[in-house]
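Here are my notes for anyone opening this one for the first time. Keep the structure in view and go through the points in order.

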Amino acid sequence: MNTPNPNMASESTTSAARKAVVVGAGPVGCLSAIALAKMGWNVEIYEGRPDMRLPSSKAEAQLRSINLAMSARGIAATKVISPAAADRFLKAVVPMHARMIHYVTGQQESQPYDRYGECINSIDRSYMNECLLEDAIAIPNVRVLFNHKVVSIDFDSRKMVVQDAASGQNTRVSFSLCVGADGSYSIVRRQLMRVVRMNYQQEYIPHEYLELRMPAGPADITGEPTFLLDPNHLHIWPRHTFMLVALPNQDKTFTCTVFAPTAEFDRLDTPEVIIKWFKTYFSDALHLIGEDALLHDFHRNPRSPLMVVKATPYHFKDRAIILGDAAHAMVPFYGQGLNCGLEDVRVLDILLRSERVDPDYQVPEGTEDVQLANALRKYTESRHEDLVAICDLAMANYVEMRHDVITPAYLFRKALDNVLYAISSTHVTLNSLIPVLSRVPFSPNPSTGWLPQYTMVTFRPDISYSTVKRLASKQKRILEYTGWASAAVGVGLASITCVTGLRRFWNRG
């Protein structure tokens, strides 16, 4: 395990190359460290929590984790920067090709994500994080310090104070570039606010989530456990103002998550009320989870808030940048939070390379690295519209998942959406996009034809989120017009039929 002496934290690790400090050892932080190290930077990762690979860390992680739904954007970013890690964790995914809608009546309806069989992938968050961490640690010019919490950062002097949780000792760490990948409550973002005129918005939505576990089913003839539900679906129980979702795991269990208004959760205050609520709204899921297991998880697992963070700018001069949830926390209803964070790293990597940032360049005292400052500025300028767009799209998709997916209007628009998709677009595979996405952030003029919004967001990483939002808005207006036109034609035909019938009746009289 590459965990150096804390007292040596400010020393360079290999050459005279400049040092980048990455705050946060989550997937975005690890991928950032890999990208910078491959460019030639000396990289130190500071993580306030213990090593996630320890058994004690794994037990704690099970109490608070929404399964990850990896899709093309996150996979593309990882393949571009860390192909070995991508290959490892993609062997551990369970592909989900469609939504399975569970009605109150017990009826089920499969809604494919894409006409070409594209899928999203359920993966254990901890396992994926470990793959990226191991890949980072294997690089000689990367060092990782766990149980080291950043206390303060002075961007002018390029120093930060880090506290060792074991000893309580504070250490001053020098850096040339600071990358904040430390989540929704980012210390790097808070420190940036002291030196940057940052526009910042934080909003807790009036909903929370709680995780449950659906066990594996009985063994088959080979002695292996089985899935209690179809494993190649993301299962949704939409109930208008709340919902239950279930994602498959490789051990044949399902991770289930209840999303509901805080007021709804507050009502579930006794075992009797909880069981009655599940029998009323999720009776088939309750049968599979089991009443005792449901009550155990309901009282053991925490209720967690859902938050949206929007900020700009994301950088300060040539010295700092924030990525992932530190810059744009979003609700999880499009499954894009982590995918977007990993895409952040790919976009930044391309900009640093295009500006020819030299990690060996020693910046004279009192000056800036012009190339690095330009790259960070271009990141803020080019990325902000995309990040606001996906935060808005994710919020809107909650309404679709918990309500719209069972309405006739939605089903009609989806059917029409798919017809137009089928007659006007060609299939583009992820592997065919990787060479392009290693050179440019997005295709400047993607040849799209008609693409459903979900397909653009989830399966086309060459199309930026802001472009998706713009195209989807245009297509929605067309669909709405078509819907009204179809309704008008229907009413017109009904009127003609009615008048004809009345005339015949009158003539017979």
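1. Start with the sheet of seven strands, which is open and runs in the order β6-β5-β14-β15-β16-β13-β17. Its pairing is mixed. Keep in mind that this is a predicted model. The edges are taken by β6 (108-112) and β17 (304-312), and each has a single partner strand, so one side of each is left without a neighbour in the sheet. Going from one strand to the next, the twist averages 25°.

2. Now look at the β6 end. Strand β5 (residues 98-102) pairs with β6 in the antiparallel sense, over five bridges. If you want a landmark there, find A98, which stands opposite P112 in β6. Helix α14 (residues 408-424) packs on the sheet here and touches both β5 and β6. The direction of α14 makes about 35° with that of β6.

3. How many residues of strand β16 (residues 254-261) are buried? The count is eight of eight, so to speak a strand that is mostly covered. On one pairing, β16 is joined to strand β13 (residues 199-214) by eight bridges, and the two run antiparallel. E208 has A260 in β16 as its bridge partner.

4. β16 also pairs with strand β15 (residues 243-248), in the antiparallel sense and over six bridges. Here L244 stands opposite V258 in β16. The two strands form a hairpin with five residues between them. Have a look at K252 in that hairpin: this residue takes a positive phi near 80°.

5. D154 stands opposite K159 in β10.

6. Why can helix α3 (residues 72-81) be called largely enclosed by the rest of the structure? Because eight of its 10 residues are buried. The buried ones in α3 are A72, R73, G74, I75, A76, A77, T78 and I81.

7. One of those α3 residues, R73, turns up again in the surroundings of Q336. Q336 lies in the loop between α11 (325-328) and α12. Is Q336 buried or exposed? Its relative accessible area is 1%, so Q336 counts as buried. Leaving out neighbours within four places in sequence, Q336 is in contact with S71, R73, M330, I390, V457, T458 and Y465. The C-alpha atoms of Q336 and A394 are separated by 7.6 Å, although these residues are 58 apart along the chain.

8. For a contrast, go to E368, which sits in the loop between α12 (337-354) and α13 (370-402). E368 counts as partly exposed because its relative accessibility is 35%. Not counting residues up to four places away in sequence, E368 touches K317, D318, R319, V363 and A373. R319 is 49 residues from E368 along the chain, and their C-alpha atoms are separated by 8.7 Å.

9. What about the cysteines? A disulfide is a covalent bond between the sulfur atoms of two cysteines. The count of disulfides here comes to zero. C30 is buried, since its relative accessible area is 0%. C131, at 1% relative accessibility, counts as buried too.

10. Finally, the overall picture. The chain has 17 helices and 19 strands. Of its 509 residues, 52% are buried. The accessible surface comes to about 22,600 Å², and 55% of that belongs to carbon and sulfur atoms. Among contacts between residues at least 6 apart in sequence, 73% join residues at least 24 apart.

Conventions
Residues are numbered from 1 along each chain as its sequence is written. This is a predicted model: local features need pLDDT of at least 70, side-chain atom pairs count only at pLDDT 80 or more; totals for chains, interfaces and linings use all residues. Side-chain values use heavy atoms; hydrogens and water are left out. Helices (H or I, at least four residues) and strands (E, at least two) are DSSP runs, numbered from the N terminus. Buried means under 20% relative accessible area, exposed over 50%, partly exposed in between (1.4 Å probe, protein chains only). Contact means heavy atoms within 4.5 Å. Accessible areas come from the Shrake-Rupley method with a 1.4 Å probe; for residues, only the protein chains shown count as cover. A disulfide is a pair of cysteine sulfur atoms within 2.5 Å. Two strands pair if DSSP finds at least two bridges between them. Axes are lines fitted to C-alpha atoms, for helices over the stretch in contact, and angles run from 0 to 180 degrees between N-to-C directions.
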